Amino acid sequence: MYQEKRLSSYDNYHNTAIFRFPVQSEVKVTYMNFTQIRNDVKCKFVNLTVAVHQGSYPVINPDGSSFPDNTVLRPTVLGEQTMRSNMTLIFDNPNPGYWFLGAYISNNNDRITQKGLGKDCNYRLLVQMLNIHEVDITMLIDSVLVEDSLDDTHNVTMFRYFVPPGVGSFKFIISGCHVKHLDGKINEECPLNITARANALPMNDGYVTCNATRDDSGFNCMIEEQHSETKVWYYLLVQVTEPLLLNKTVQFNVTVQATGCENNKYYLSKEDENDWTTGTSHGYSSPGRHAIRDIMELYLYNVQYDVSGSGMDTGDNLMQCPEIIELEAHDMTTIFSVAYYGSTGNATNIFQISPSKPIITSLDIRSFIDIGGTLKIFASVFEVNDTESVSIILCVQRDRIPSMTSDGRMECLIENELQLNDTDVGGKEWFIPFPEAGSWYIAASAQCSKDNVVYEDCGTDILMEMKVHLTPCIKGCGKYGNCYVSYDAGLSYAYCACKYGYRGWGCTDDSEAWSRTYFLVQVLLLTLSNLFFIPSIILAVYRRFFPEAIVYFCTMFFSTFYHACDSSDYCIMKYDTLQFCDFFSSFMAIFCTLLCMAKLPEHIKQTFTMLAAFGIAIGVDYNRFSLWAALVPTLSGLVILTVSWSYQCRKNKSCYPSKKLWLIRILPGLTLAGVGFLLFALLEKEDNYQYVHSVWHVCMAVGILFLLPSKTSKNDEHEFHMAELMDISTIHAELVENESPDY
């Protein structure tokens, strides 16, 4: 499997190239190879940053900005890793499902480069994935004994067990374990290590050692899973603790004992019922008279099967499983807007927490549909006895409920724990950006204290309100950012685009925020600098260049309101429309000024103007940030101007325009225009943009005052018939007739 995408420098999450790869079940090794591709060998390799996450998009933070308060970050498979050209990552026993990769160019250069200036380097990232599967896995069935052995050539083995719905706990039991010599001698020791893992092959840690002698139950060792995940495969890895000699083998039995929930049932096909309850196994994966076609089908049939008929523990051995309140998803009108309500449909979602046991709720995050948003959890506690302080512990876990003690108390890992106190006026909310797909469990338990003495039994039930929503961005990106949704090849995610120097996932980091003075200076410079076009407009009207006056006015108008919209969000129309008009009118102003300087018949001038209007519109719409969008009309105007003036010089046998005009008007005007253009193309940076770009406005506007030709009169206007347009001699005669000492 491979994917290739173009890379960009990071400004916000929209600049991240997102890759998605599926990892199948029972994969023991995954290789990911990253190759940086340049569009030209002359382009240097750049630093790329890659982040990998399983189940959802990686949360990346290149600038180290702070996250909004109460943001809960999930641990990632691989944090942000920097590479120069090529890199290979190896993942052992990966979790199955979709893996997401985010990549971007690590660029700290704040220079604003015009496209087309110098070498235009583009970079792409090629990601190749290779999965190696574990093929030798023995399937286990409830209460069915499986015999196996290990020796010096086969010192590790793997088992799997599918946990159907309705199972509260189960045990992997290793029994009858002993070392047998070739001469028949048997040792009672059991030199084995075992480990188990849900949904993926076990890692080489968390072993339970099985080298103890038999206990009173006749078992050597076991692994017990309380409140296990259901509808998933559990894998058991068994391997010897030390190399075996050639004449020794370790023989053992593996059994699974599952305990059903007294308050639950699971589904089974009646057709497979006898095979499930009476089948036997001899060390391979056939569980009885008829092989089970696909163990996943066991819970897809619409036939309810009571646990008393299965191989699970029944009768007094059934366990009372915690009651789980399912939160139903209600899609709202916009993307990533989902409200989760209790089964009663009560929008307030008020829960009663008993001192004897916590409440547990569950909700589903859908793959591809929900993972690009932010999971928001709000909780508040109602007023209690003034002499007591109440603390609510929320435990948020994916795929399985929190661990419970024998007396029903909740045990939560510190990284999954959220705390709410009755002193949190108005409640408290937490945010989980890009939640992974799967079943999420939110458990809540109460803890009370009086006179700084903490005790668990509060005496009375505690009322808690909990609201769970999926939102596009954290608090809508606040006052200093806009929330956008990006779509890329079937992937969608929401992100914040910050402004005014604010940073972070919620645009709450103000460490580099603009001061009010800086903000006002930037807005006023970029907008008011366009007022320098007013003298140019007046001069054009005075000299009867009315089309040029309209172009200069449009340049001033659209540039002013485009920068006002870009800097302060004061937009009189769509941002993209203002941007297009700003670029279009600016380039038209340059071309029309050059065309006006050329000595041309009016109908030819009008023809060039119309051609330029269509050409510039196409160029601006195609890529308005390319340097060629400005260079093409500028160079075209200069070519027309040069040809026209050269013709006049040849006919007049003298320099045209005069030396005086060159010194006092043309050279100063061209110098101003050239300085402005160089500033615009070469020196603009993020931190000086408002100053340099404002100087560009002034240079262009003042340059027009020098370059605009002298006043025209009606006698200078040319009227040609269509037949005369084809007569070169006629055009030549008209050009000679209208020669003047001024251009």
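In this predicted model, Trp505 counts as buried, because its relative accessibility of 13% falls under the 20% limit. Phe67, its partner in an aromatic pair, is partly exposed, with a relative accessible area of 23%.

The ring centres of Phe67 and Trp505 lie 6.3 Å apart and the planes meet at 20 degrees, so the two rings are stacked; the limit for stacking is an angle under 30 degrees. Phe67 belongs to the loop between strand 4 (48-54) and strand 5 (78-83), whereas Trp505 belongs to the loop between strand 36 (491-498) and helix 2 (516-528). The pair therefore ties together parts that are 438 residues apart in sequence. Phe67 and Trp505 also belong to a cluster linked by ring pairs, whose members include Tyr13, Tyr57, Tyr98, Phe100, Phe368, Phe434, Tyr484, Tyr493 and Tyr495. The structure holds 31 aromatic pairs.

A second stacked pair is formed by Phe580 and Phe584, with 6.0 Å from centre to centre and 5 degrees between the planes. Both residues lie in helix 5 (residues 575-597), where they are four residues apart, about one turn of the helix. Phe580 counts as partly exposed at 23% relative accessibility, and Phe584 is likewise partly exposed, with a relative accessible area of 23%.

Definitions and conventions: Residues are numbered from 1 along each chain as its sequence is written. This is a predicted model: local features need pLDDT of at least 70, side-chain atom pairs count only at pLDDT 80 or more; totals for chains, interfaces and linings use all residues. Side-chain values use heavy atoms; hydrogens and water are left out. Rings of Phe, Tyr and Trp (its six-membered ring) pair if their centres lie within 6.5 Å; planes under 30 degrees apart count as stacked, over 60 as edge-to-face and the rest as tilted. Helices (H or I, at least four residues) and strands (E, at least two) are DSSP runs, numbered from the N terminus. Buried means under 20% relative accessible area, exposed over 50%, partly exposed in between (1.4 Å probe, protein chains only).
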